[in-house]
Amino acid sequence: MATTSILYDAAGGVARITLNRPEVLNSFDTPMALRLQEALAEASKDEAVRAVYLTGAGRAFCAGQDLAEAVGRDGQDTINFTDHLRRTYNPIVQAIRALPKPVVCGVNGVAAGAGANIALACDIVVASAEASFLQAFINIGLVPDSGGTFFLPRLVGVARATAMMMLGQKIGAQQAQEIGLIYKVVPAGTLEEGGFGIARQLAAMPTKALGLIKKLVHDSLKNTLEQQLESEAAVQQEASGTADFAEGVRAFLAKRKPNFAGK
Ligand code: T3D
């Protein structure tokens with residue numbers, strides 16, 4: 001039995017956050033959702049952390065809401081779903097999107113329900129070939145939440161998104177890559193190299209500029225081209241004021257590798 005539902009380890013510039021209730025496929029009970037919020041806040045404020053890696057323990061990434069918590073033995077809801085979403089998954093999704101550092105998700109196995117959509121909220125999603133994505137909500141008579149109805153149409157288009165959400169069928173990692181749901185699938189057993197490796201690589205890059213790219217990409221979803229061009233012009237000025245920009249140019253001119261400090 002897992003005793004700590006969220007594992008947190010920060011080393012070498014990367015905060016590794018592991019969903020850790022493998023006996024129930026890392027499905028979320030409320031304490032676990034609150035702990036994940038704390039872990040994301042810690043990663044955000046720790047200046048030594050320059051990238052975040054989110055993954056799951058055992059054979060699954062995350063099976064979404066712990067259904068035993070949500071529904072009692074008599075089949076009656078034990079939670080108010082609106083309040084619960086506002087307290088648990090919505091702040092998680094918002095924290096991932098607002099974190100001014102890249103968040104890489106290493107999807108090690110099935111990602112279902114809120115688990116799938118928390119993965120899709122991350123900046124770069126790498127999945128093991130054994131992983132799958134399931135908008136499981138409809139299979140129990142619910143609608144997608146945790147940002148699913150926002151992320152899916154934007155990632156894969158309305159036609160595929162609607163079918164995935166309505167049919168509630170598993171999409172394999174390979175197909176997820178082919179339709180643009182995720183960045184990349186890696187062979188089974190190589191997620192540490194292919195997923196965590198990307199987080200490590202990002203942790204040595206210009207952190208402020210990475211955070212600004214994230215902001216620009218998200219802003220673009222609501223901006224006109226004119227607004228976005230203006231945004232880029234303003235944000236570029238900010239990026240040009242960083243020590244990493246100065247180092248990048250110095251290194252280029254000296255024909256050496258840059259040593260970015262993340263400042
Ligand atoms: O306000 C709100 O909170 C609403 C929010 C909702 C957010 C949501 O996420 S709703 C969607 C909830 N999730 C699901 O409906 C997924 C349910 N799980 C599954 O469909 C399947 O387990 C999987 C497709 C994910 C994996 O299937 P499989 O065959 O690989 O594993 P399994 O045998 O079904 O599960 C293994 C164990 O994990 C099993 O327990 P056991 O029999 O070994 O004691 C199973 O009961 C448990 N488990 C899996 N998912 C959940 C779960 N236990 C509680 N809650 C789960 N979500």
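A: In this predicted model, N26 has a relative accessible area of 0% and is therefore classed as buried, the cut-off being under 20%. N26 sits in the loop that runs between β2 (14–19) and α1 (30–45), and its phi is near 55°, a positive value in a residue that is not glycine. S146, likewise not a glycine, has a positive phi of about 55°; it belongs to the loop between β8 (132–134) and α6 (148–156) and is buried, with a relative accessible area of 3%.

Domain 1 brings 12 residues to the contact, and domain 2 brings 6 residues. About 750 Å² of area is buried between domain 1 and domain 2, with carbon and sulfur atoms giving 53% of that area.

Between domain 1 and domain 2 the count is 1 salt bridge, and a salt bridge is found where the side chains of K214 and D123 meet at 2.9 Å, N to O. Polar contact across the interface of domain 1 and domain 2 amounts to 6 residue pairs, with both residues at pLDDT 80 or more. On the side of domain 1 that touches domain 2, the elements giving two or more residues are α4 (89–98) and α6, and by class that side has 7 nonpolar, no polar and 5 charged residues.

Terms used. Residues are numbered from 1 along each chain as its sequence is written. This is a predicted model: local features need pLDDT of at least 70, side-chain atom pairs count only at pLDDT 80 or more; totals for chains, interfaces and linings use all residues. Side-chain values use heavy atoms; hydrogens and water are left out. Helices (H or I, at least four residues) and strands (E, at least two) are DSSP runs, numbered from the N terminus. Buried means under 20% relative accessible area, exposed over 50%, partly exposed in between (1.4 Å probe, protein chains only). Contact means heavy atoms within 4.5 Å. Buried area is the accessible area (1.4 Å probe) that two parts lose on being put together, summed over both. A salt bridge is a side-chain nitrogen of Lys or Arg within 4 Å of a carboxyl oxygen of Asp or Glu. A polar contact is a pair of N or O atoms within 3.5 Å; within protein, one must be able to donate a hydrogen and the other to accept it, and residues adjacent in sequence count only if both atoms are side-chain atoms. Ala, Val, Leu, Ile, Met, Phe, Trp, Tyr, Cys and Pro count as nonpolar, Asp, Glu, Lys and Arg as charged, and the others, Gly among them, as polar.
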